[in-house]
Amino acid sequence: MTLTVRGTVRALSELCVTVGVLILLLVVYLLYWTGVRANHAMDREVSALQDRWARTPVSSARPSPATTLNGRPAAHGTGSPASAAYREGQPFAIMYIPRFGADWHKPVLQGTGTDDLQHGLGHYAGTARLGGQGNFAVAGHRRTYGDPFEDFPELRPGDKVVLTDGVTWYTYLIDKPPYLTLPDDTGVIDPLPAPLDRSATPYPAPGRYLTLTTCDPPWGHSHRLIAWGHLDATQPVAQGMPRALLS
Amino acid sequence: MYGWIWRHLPGNAWVKAVISLVLVLAIVFVLFQWVFPWAEPLLPFNDVTVNGGGSAG
């Protein structure tokens, strides 16, 4: 009798210890290991982009959408980062946000699937191209996978969000403090952003806009944080980095 | 459970200790490589998009 009681207690305590160790390992995985893996993956995406841009002469940039590259339709070509269609899961731009740190830069991949967001920021399929008319919408992790948007609430009106596609530098200016909303508020990434709360509508007329989205609270999924900006300036990469990144 | 495993490992105490260590490392590897990456998207930290219904991402 004592033996079975002792055995039960032992089995139970071993189970508790095992579950405890498992949870601890999961925390290590989430806090540390996803960051290690994501930073590695993002560095790889950034170098892949820079390699690709280095191989593509800037002079051949910006053909009209109808132009063919090497005999292939531009939409399927990989030669020109400026005109080729963004390919799902592939990086096509690098984003810089000085507010998040002088050396903060992340690759932007096409698509917002789990896998895309583990390798960088994700561009919502169906939203405008970088620098294009409409709304260029990008999602990123607030926590885990390198915490790219960890400091999202620090964004303030006037903050610069600089992107490059290897041909042009695009400087967007944030227009409002981050806007807290619900996950089904999909209007925030409309070409003319139209949040559920009409009074929060950031812009009266169509233009070239940027929308950043992440989760809120940092470890939760009940809400989303949204930041809107408008295209302020563009310049060819040949002219060097925009001043926003040099100061 | 752990006592049962220990009793069924071959060799003397040192050999058992080494085998145990290898087993633990193997389990941690399996967890980090396959189990956690599978479980992680089921946790709420991934929902950073406004896709309605909080689809993956």
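B:Tyr2 is partly exposed, at a relative accessible area of 39% (buried is under 20%, exposed over 50%, partly exposed in between, with a 1.4 Å probe and protein chains only). Keep in mind that this is a predicted model, where local features need pLDDT of at least 70, side-chain atom pairs count only at pLDDT 80 or more, and totals for chains, interfaces and linings use all residues. Residues are numbered from 1 along each chain as its sequence is written, chains are lettered from A in the order in which they are written, and side-chain values use heavy atoms, leaving out hydrogens and water.

**Exercise 1.** Find what B:Tyr2 touches, not counting residues up to four places away in sequence.

*Solution.* 
- Start with the place: B:Tyr2 sits in helix H1 of chain B (helices are DSSP runs of H or I with at least four residues, strands runs of E with at least two, numbered from the N terminus).
- Next, look for contacts, meaning heavy atoms within 4.5 Å: A:Glu14 and A:Thr18 turn up.
- Finally, check for polar contacts (N or O atoms within 3.5 Å; within protein, one able to donate a hydrogen and the other to accept it, with sequence neighbours counting only if both atoms are side-chain atoms). The side chains of B:Tyr2 and A:Thr18 make one at 2.5 Å.

**Exercise 2.** Describe the interface of chain B and chain A.

*Solution.* 
- Count residues: 24 of chain B are in contact with 38 of chain A.
- Take the area: the two chains bury about 2,500 Å² between them, 64% of it on carbon and sulfur atoms (accessible area, 1.4 Å probe, lost on being put together and summed over both parts).

**Exercise 3.** Work through the salt bridges found over all chains.

*Solution.* 
- The whole structure has three.
- A:Arg99 meets A:Asp159 at 2.7 Å, N to O. A:Arg99 lies in the loop between strands E3 and E4 and A:Asp159 in the loop between E6 and E7 of chain A, so the pair ties together parts 60 residues apart in sequence. A:Arg99 is partly exposed at 42%, but A:Asp159 is buried at 10%.
- A:Asp216 pairs with A:Arg142 at 2.8 Å, linking strand E10 to the loop between E6 and E7 of chain A, 74 residues apart. Here A:Asp216 is buried at 17%, and A:Arg142 is buried at 6%.
- A:Glu150 and A:Arg143 meet at 3.4 Å; A:Glu150 is partly exposed at 34%, and A:Arg143 is partly exposed at 23%.

Terms used. Salt bridge = Lys/Arg side-chain N within 4 Å of Asp/Glu carboxyl O.
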